Structure formats: structure tokens, C-alpha cells
Amino acid sequence: MDIDGTTAVVTGGGSGIGAALAEAFAAAGARVVVADLDEPGAAATAARIESAGGNAVAVRADASATADIEALTRTEFGPVDIYVANAGIIGASGLGTDEEWDRILAVNLRAHIRAADVLVPQWISRGRGYFVSVASAAGLLSQIGAAGYAVTKHAAVGFAEWLAITYGDDGVGVSCVCPLGVDTPLLHAVRNSAETDALVGAESIVQSGDVITPQDVATVTVEAVQAGRFLVLPHPHVLDLYRRKGSDYDRWIAGMRRYQRSLRGTAVPGT
């Protein structure tokens, strides 16, 4: 897709990967709607874009609420061409409660489904549109310590695949972004947790590869959208890990269990 002159919505745009994505799409020529529950954060991102010569507006929005998604499609910038479903949460460690599952499913999965439900019919009628799903390498591999995160990121990847298959012939492009460790407030929060399972999960992330910047993720994502590429791997070696998993599932699970045991032996809350 030629990004110049388009309108792009970026959810979770107040910080981290979302803020970097908003700035990168603006630098590529998009008018950007920066959406976040953190209204000051969204406003700060929009202000940086404007000061750099771009066009942006900040909107307080719950990315999982259909009414808020619909409002994001009615800004001063006109019809949405690109929707970046970036907002996400790590959720509870372990199995989690029913309430915790409801929340993480709403933010990490249903937000994507609801956005597609609003936008795909519009894109089909116009013959063009682009959906960017910011998932995680956890959606290809797994996530030690947090069932909700592992499951919802797998589901986000699956939904993005389904969108690409079902509507690709109708002019709808899809990219699915699957990074490992990224230097964001989300990762910092988990690494500072008082829960052993959360610490184990955080260490599994940072030990699996370099912790890169949000800008690194944004750069390869914009390139993927411009090229119409589905799978976006800011950490390229994730593809090798994914292939090893698929080549021998039992061996991979056994290896993950060994890895988890080693991490549990060193994770100490409060250190």
C-alpha cells in the first residue's frame, strides 16, 4: 500500500510500540488518529507528530469497545485506510480468573474482531484497506508464565491469517507483527512484578533475543505494509524458532519445560 495521503488509526498510541507506529506512519505520509485510554499520552504522541510536520489527532478510546472504534472512523481526516490494532495487555500470570480472561480476550482479540467488523465492509465497498495486527512472537511460539497472553496472541495471529485469506481478493491487506522483547512500559512492568510466574515470563522474553526499540518494530512494520507482506518479524530468528517448533512439537515442548525450570530457579521477586 502507498501510505502517503492515507488515514491511519493506531490504537494504544500513547506510548511504546503504538507511539512509534503512529510516528512512523505519519513520517510515511499518513494522517494519523492516535487512540489510547491514556488521553495525555495520545496527545503527546500527536503533538510530536505535528511538531515534526505531520498530521495527527489524539482521541481517547477503548480499543475493545465497538462504539469507540466507530468513533475513530469519524474523525476530521475522513475514511480510515489503515487500522493498526496495537493496544494490548499482558494480563494475569498463571491461569487467571474468569474476569481476567474476559479482560484480556476483549483487549487482545475481540478488539481486532470488532474493528474488522466495522471496517472490512467499508474497505470492500471501496476496494482497498489495510489491517495491521500487532500480535507477538508469543502468538507463534508461546509465553511462559501467562496463559491469557499466550492464548490471545495465538488467537490474534489466527484471526489475522483468516482476514488475509478471506478478504485478500477484495483489496484488504493484512500484516501481522510478531516481535519478541521490546523496550516498552509493558515489559518494564512485568520485569518489576512481585509474582514469580510474571518474572519467569519476563526473563523468558529478554533471554530469547535482543530487546529492541519500539522504533525498530515500527520501521519494519511500515515497510511490510508498503510491500503488502503478511508476517512481520522484528526479530528475524523467530522464524527459525517457529520452524523448529513445527518440525518436532514434542521435542519443542520438552525444551520449553526445561527452559521454564531453569528460569524458575533464578527468578526472585523484588530483586
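Predicted model: local features only at pLDDT ≥ 70, side-chain atom pairs only at ≥ 80, totals over all residues.

Student: Why are β3 and β7 called edge strands?

Tutor: The open sheet has 7 strands in the order β3-β2-β1-β4-β5-β6-β7, with parallel pairing. β3 (55-60) and β7 (231-232) each pair on one side only.

Student: What makes β2 and β3 a pair?

Tutor: Pairing takes at least two bridges, and 6 bridges join β2 (residues 31-36) to β3. Therefore they count as paired under that cut-off of at least two bridges. Arg-31 stands opposite Asn-55 in β3.

Student: Where does helix α2 pack, and at what angle to β3?

Tutor: α2 (residues 39-51) packs on the sheet and touches β2 and β3. The direction of α2 makes about 175 degrees with that of β3.

Student: How do you know that the buried residues of α2 line one face?

Tutor: Gly-41, Ala-42, Thr-45, Ala-46 and Ile-49 are buried, the cut-off being under 20% relative accessible area. Seen down the axis of α2, the buried residues fall within an arc of 135 degrees, so they line one face of the helix. They pack against α1 (16-27), β2 and β3. The face turned away from the buried side carries the exposed residues Pro-40 and Ser-51.

Student: What makes Asp-38 a cap of α2?

Tutor: A side-chain oxygen of Asp-38 lies 3.1 Å from the backbone nitrogen of Gly-41, at the N-terminal end of α2. Just after α2, Gly-53 takes a positive phi of about 95 degrees.

Notes. Residues numbered from 1 in each chain as written. Heavy atoms only, no water. Helix = DSSP H or I, 4+ residues; strand = E, 2+ residues; numbered from the N terminus. Contact = heavy atoms within 4.5 Å. Axes fitted to C-alpha atoms, helices over the stretch in contact; angles between N-to-C directions. Buried < 20%, exposed > 50% of the residue type's maximum accessible area, 1.4 Å probe, protein only. Arc of directions from axis to C-beta. Polar contact = N/O pair within 3.5 Å; in protein donor to acceptor, adjacent residues only side chain to side chain.
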